[in-house]
Amino acid sequence: MKLSIIGTGYVGFTTGVCFAELGHNVICVDNNLEKLDKFNKGESPIFEPGIEEMLKRNLENGRLSFISEIPPAVKESEIIFICVNTPPKEDGHVDLKYIERAAREIALSINDEYKLIVDKSTVPVKTAEKVRETILRYCASGAKFDVVSNPEFLREGTAIKDVLEPDRIIIGADNEHAKEMMIELYKPLTDKINVPVKFVNVRSAELIKHGANTFLAAKISFANLMAYVCEEAKADALEVLDAIGLDVRIGKQFLNPGIGFGGSCFPKDISAFENTLNVLGIDMSLIKAIQQINELAWQRFLKKVEKELWVLDGKVIGVLGLAFKPNTDDIRNSPALKIIEELKANGAKVKAYDPQAVEKTKKAIPDVQYCLDAYEVAQGSEALLICTEWDEFKALDLERIKNSMVTPIIFDGRNIFEPSRMREIGFKYFGVGR
Ligand code: NAD
Ligand code: UGA
C-alpha cells in the first residue's frame, strides 16, 4: 500500500521504517530540515537499537523516502498517518496545535480520491472527531475521507520489536471500508505473527491508550510506595514485589521501584488523562496519588544522599545514567536531571556519564563535568548515584570503582546490585526499598 507518515519522531520514524520493512511504500514528512537531512543520508537522529540498519535498507530498496511537504505525500498515499507531537501545556492540558495543523494541511490536499487518515499520536478522547471536523472545514467540497484511531504502544529502546511484534493492534474505526483498509495495512504483520487485532469505536481506541499508560504508571507508583513501606518496616521490597508479582492477575512487569518514571509519555499522558477526568466531572485522586508518589521517589533518593553525606556543598558526586531509561538517548523528564539540578543547587560538584545521553544533557545542563566512562566518574568521587540501569553499569569492575573513589558510597536508584555483594566488596550501599 502507499502510505505517508506526518511527523517522524520516535513514533513516526519507527512506524515508517517498519511499514517499509513490511513491504509498503512509505513517504515520511517532517518539517525539521535538520532531521530530514540525516534521514536522507541514512542516519538516525535518535538512538534506537536496530533502526539505522532498517532505515538504510529501505532507503536503498526505494520503499522509504523523506520529504518536508505534506501535499505531495498526501497526493501519493492511500493512508496518511498523523504522528506529530502532542506536548503538554503548562496547565497539564495537551497542546493539540500540531495535530490541528497537520489536519488542516491534509485537508488542503484531499479531493474526491478517498484517503484514510490514521491518528497514531496519543490524544485525549474525542480528538479524532475534531480532526474530522477540521478536515471538513478546510477541504474542497466532495472530498472523501475517514479518520480512524490506531494508538501506538511502542517503548523507546525496544521500538522496532514493539512495532513488529506488538501485544495487540487497536483500531478505532466507525465504518467497514476504513476497517478493511486497516486490515490490509496490517496483513503483512498478521500473516507472520499471532497478534490480537481489536476493532473498537474511535473514542474507545483513544481511551485505551491513555488508560494503558495510566495503569502502567500506577503499577510503578505502587512499587515505589511499597519500597517506602519496606524501608520504614525494614523489609526487602524486591522480595515483597517479586512475590506479589507471581500472582498472574498482577504480573511482575513494571513493579520495579526506583527513582520514578520519566520520559516524554507517562508524565504527559497521565496529566492529560487527569484533565479528561476533570472535564467529565470524575474524581482525580488516583491520578494525583500516582504523580505524588512519583515525585517522592526521586526526592526520597536525594534525601538519602543528603542524610549520608551530611553537607553536599563542595563534595564531588558522580552520576551514572542520564537517560530516563536504558537503550535510549532521551532525557525528557529524566529523574537523573532533576537530581543533578538539586545536587548543584546544594553546591555539589557533579561528574556524570551516560552511554548515549551525554550530548543531549550537555545542552540542558552545561555546567557538569561530563566523563567518557563510569571509571572516570568514580575517580575522586565521594559518592556514586546510579540513575539509569544500563547493562554497562551492571558489568563494571567494582573493585576498580571502589579503589578510585574518595569514599566508596553507592546510591543505587535502580537496584542493579545486590546489597550483600556490595557490602562484601567494601561499599557503603543504599538501594531503593531494601
Ligand atoms: P517527537 O517529538 O519525537 O516527534 C514529532 C515529530 O513531528 C517531530 O519530528 C516534528 O518535527 C514533527 N512535526 C510536528 N508537526 C509537524 C507538521 N505539521 N509537519 C511535519 N512534521 C511535523 O514525538 P514522538 O515521541 O514521536 O511522539 C509522537 C506522538 O506519539 C505523541 O503523541 C506521543 O505521545 C505518542 N507516542 C510516543 C511514544 C514514544 O515512545 N515516544 C510511544 C507511543 C506514543
Ligand atoms: C511507555 C509505555 O511503556 C509504552 O507502552 C508507551 O507506548 C509509551 O510510554 C508512550 O506512550 O509513549 P516508554 O516511556 O518508552 O514507554 O518507557 P517505559 O519502558 O514504559 O518506561 C517509562 C519510565 O518508567 C522509565 O523512566 C522507567 O525507568 C520507569 N519504570 C519502568 C520504572 O521506574 N519501573 C518499572 O518497573 C518500569
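Reader: Which residues does Ser221 touch, leaving aside those up to four places away in sequence?

Author: This is a predicted model, and in it Ser221 touches Phe261, Ile290, Ile293 and Asn294, once residues up to four places away in sequence are left out.

Reader: And is Ser221 buried or exposed?

Author: Ser221 has a relative accessible area of 2%, and because buried means under 20%, Ser221 counts as buried.

Reader: Which helix is Ser221 in, and what does that helix give to the shell around ligand 2?

Author: Ser221 lies in helix 9, which gives the most to the shell around ligand 2, with three residues.

Reader: Ok, ligand 2 then. How many residues surround ligand 2, and which are the closest?

Author: Ligand 2 is surrounded by 19 residues, and the closest of these are Phe153, Leu154, Lys209, Asn213 and Cys265.

Reader: What about polar atoms around the oxygens of ligand 2?

Author: A backbone N or O atom of Glu156 lies 2.8 Å from an oxygen atom of ligand 2, and a polar backbone atom of Phe324 is likewise 2.8 Å from an oxygen atom of the ligand. Lys325 uses its side chain instead, with a polar atom 2.8 Å from an oxygen atom of ligand 2.

Reader: How much of ligand 2 does the protein bury?

Author: Ligand 2 exposes 700 Å² when taken alone, and the protein buries 91% of that. The elements that give two or more residues to the shell around ligand 2 are helix 9 (202–233) and helix 11 (266–280).

Reader: Now ligand 1. Which residues come nearest to ligand 1?

Author: Of the 27 residues around ligand 1, those that come nearest are Asp30, Lys35, Thr86, Thr122 and Lys268. A polar side-chain atom of Lys35 lies 2.6 Å from an oxygen atom of ligand 1, while a backbone N or O atom of Thr122 lies 2.9 Å from an oxygen atom of this ligand. Val11 also has a backbone N or O atom 2.9 Å from an oxygen atom of ligand 1. Taken alone, ligand 1 exposes 830 Å², of which the protein buries 91%.

Reader: Changing topic: what domains is the protein divided into?

Author: The division is into domain 1 (2–200), domain 2 (209–287) and domain 3 (296–430). The centres of domain 1 and domain 3, taken over C-alpha atoms, are separated by 38 Å, and eight residues of domain 1 are in contact with ten residues of domain 3.

Reader: Which members of the largest nonpolar core touch the most other members?

Author: That core has 60 residues, and Val319, Leu320, Leu322, Ile339, Leu343 and Leu385 touch the most other members. Domain 2 and domain 3 both give residues to this core, so it lies between them. A second, separate core has 41 residues, among them Phe19, Val26, Ile160 and Ala173.

Methods: Residues numbered from 1 in each chain as written. Chains lettered and ligands numbered in written order. Predicted model: local features only at pLDDT ≥ 70, side-chain atom pairs only at ≥ 80, totals over all residues. Heavy atoms only, no water. Core = buried A, V, L, I, M, F, W, Y, C linked by side-chain atoms within 4.5 Å. Buried < 20%, exposed > 50% of the residue type's maximum accessible area, 1.4 Å probe, protein only. Domains from an automatic or database assignment. Near = heavy atom within 4 Å. Polar contact = N/O pair within 3.5 Å; in protein donor to acceptor, adjacent residues only side chain to side chain. Areas by Shrake-Rupley, 256 points an atom, 1.4 Å probe, with all protein chains shown as cover. Helix = DSSP H or I, 4+ residues; strand = E, 2+ residues; numbered from the N terminus. Contact = heavy atoms within 4.5 Å.
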